[in-house]
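This report covers strands, domains, core and ligand shell in turn. Keep the structure in view while reading.

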Amino acid sequence: MNQLFVEGIPVLKKIENHGFEAVFVGGSIRDYLLNKPLHDIDIATSAPPEVVQNIFEKTIPIGIEHGTVLVLYEEKSYEVTTYRVESDYRDYRHPDKVEFVSSLQLDLSRRDFTINAMAMNKSGEIIDPFQGQVHLQKRILKTVNEAEERFTEDPLRMMRALRFVSQLDFNLDEEALKAIRTHRFLLEKIAVERLAIETEKLWRGPALQKALSLLQETGVDGHLPIFKENTRLIDLARKYAKSAFHSLEEIVAFFHLLKEDISIEQWCKSWKLSKAVEKASKRLVSSFSYYKEKGIDAYCLYELDPSRIASFVHLTSLLTKSIVHEDDVRKRYEGLPIKSTKDLEIDGYDIVQAFPDIRPGPWITELLQEVERKVLFQQLPNNKEQIMEWVKKWNPQEKS
Ligand code: ATP
Ligand code: MG
């Protein structure tokens, strides 16, 4: 058994000692059986949420109305959810009613796909009422029960289907494919934030090309923000998006670089993405544009935060003919004389002191930026004395 499960067994046992059932469920069982790395482990239990809160010392009620309690145990956290079924998705956003039930079987039956509807008990026995293991073997994605019913009940599942195709490189079962073609328009009822989560995962999947062709073939793209007003966009994207993306900002930057008349603001507004994503996308685009004009010089690297290097390299590989290696870029970044303005041995105050007779103004920032560039391009060492010597030779009349 995977170490993460082994560590979780005492949590199952503690719940069982109070007379309730508890098992591992969902994505972690799927990934474990596929020999994929696990990130988090979810637990399902017959114990009501208040009981779970009483059993453990440290808990956080992260979704108590849906039966979910986060249990902190031995430095690890586990989402523990009471067996439940959902009914009446009348507004297509949230189930109208969440009903706690006593049977694991019922809990598994409300789950989206057979490969996500398996559980494992503390002895490592797999509970698999919908042939999830067979479908894992055959690499097919099949809904638990009738596809039409499950997709109309919660249309987000259609988008989830495509993202699992991308993440796992599975094939969509015929019935599911047909149901998506018929009911894709229902995606317009889904909160865009929920669509964005699945869309990001789709773009980060290794079988992206396959998922994109399904996205287009099923016509799902016609019901997603931005894509619905730009009918040829996915076609264009498929020509370039040959491998998995790293982040949301990389996806947004990619699309803006593909089709400049759709602004980053527009992307972020339509998909309700955060200001942080908007800012990071803009920085990526500006690094990319600088690179196209001047190549990877010290300034290009300086503007490229290490967290964006992988995305930058990926975008250059997709959108230009040049070959840039991530390791090289990182090495060169590490070799920069300074990584930010803070690393400069002087600051604005030193400049003010050097010119006591001149009124402070924007010239200070300009001069500081010039110093920054000179240090970056190694035309000046990052040494206070030598920098100040150069600064003092600067003629204020030239700039003010
Ligand atoms: P990931 O590894 O990306 O987290 P996951 O399978 O764990 O994949 P989650 O979105 O975290 O996906 O959901 C956890 C589990 O909850 C799923 O495996 C599935 O059993 C169930 N589930 C999630 N969303 C839905 C949904 N919309 N309809 C039915 N079941 C769902
Ligand atoms: Mg998960």
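## Sheet and hairpin

β4 and β5 run antiparallel and are joined by six bridges. Helices (H or I, at least four residues) and strands (E, at least two) are DSSP runs, numbered from the N terminus. Two strands pair if DSSP finds at least two bridges between them. Leu-72 has Ser-77 in β5 as its bridge partner.

This is a predicted model: local features need pLDDT of at least 70, side-chain atom pairs count only at pLDDT 80 or more, and totals for chains, interfaces and linings use all residues. Residues are numbered from 1 along each chain as its sequence is written, while chains are lettered from A and ligands numbered from 1 in the order in which they are written.

On to the neighbouring strand. β3 (residues 58-63) pairs with β4 (residues 68-73) in the antiparallel sense, over four bridges. Ile-60 stands opposite Leu-70 in β4. β3 and β4 form a hairpin, with four residues between them. Gly-67, in the turn, has a positive phi of about 90°. The open sheet has seven strands in the order β3-β4-β5-β2-β1-β8-β9, with mixed pairing. Its edge strands are β3 and β9 (126-127), and each pairs on one side only.

Most residues other than glycine have a negative phi. Asn-35 has a positive value, near 60°. Asn-35 sits in the loop between α2 (27-33) and β2 (42-45). Is Asn-35 buried or exposed? Asn-35 is exposed, with 7 other C-beta atoms within 10 Å. The cut-offs: buried means 20 or more other C-beta atoms within 10 Å of a residue's own, exposed means 12 or fewer, and partly exposed lies in between, with C-beta atoms placed from the backbone.

Glu-75 also has a positive phi, near 70°. The loop between β4 and β5 (76-82) holds Glu-75. Glu-75 is exposed, with 6 other C-beta atoms within 10 Å.

## Domains

The protein chain is divided into domain 1 (1-138), domain 2 (144-244), domain 3 (246-336) and domain 4 (341-399). These bounds come from an automatic or database domain assignment. The centres of domain 2 and domain 3, taken over C-alpha atoms, are separated by 25 Å.

Between these two domains, 15 residues of domain 2 are in contact with 13 residues of domain 3. Contact means C-beta atoms, placed from the backbone, within 7 Å. On the domain 2 side, α9 (192-203) and α11 (233-240) are the elements that give two or more residues. α9 gives the most, with five. That side divides into ten nonpolar residues, one polar and four charged. Here Ala, Val, Leu, Ile, Met, Phe, Trp, Tyr, Cys and Pro count as nonpolar, Asp, Glu, Lys and Arg as charged, and the others, Gly among them, as polar.

## Nonpolar core

The largest nonpolar core has 93 residues. Such a core is a set of buried Ala, Val, Leu, Ile, Met, Phe, Trp, Tyr and Cys residues joined through C-beta atoms within 7 Å. Val-23, Ile-43, Ala-119 and Val-252 have the most contacts inside this core. The largest share of the core, seven residues, comes from α7.

Leaving aside neighbours within four places in sequence, Val-252 is in contact with residues including Ile-264, Trp-267 and Leu-273.

## Ligand shell

Which helix gives the most to the shell around ligand 1? Helix α7 (residues 156-168) does, with three residues. A residue is near the ligand if its C-beta atom, placed from the backbone, lies within 6 Å of the molecule. Gly-26, Arg-111, Asp-154 and Lys-201 are among the surrounding residues.

The shell divides into two nonpolar, three polar and six charged residues. Domain 1 and domain 2 each supply at least three residues to the shell.
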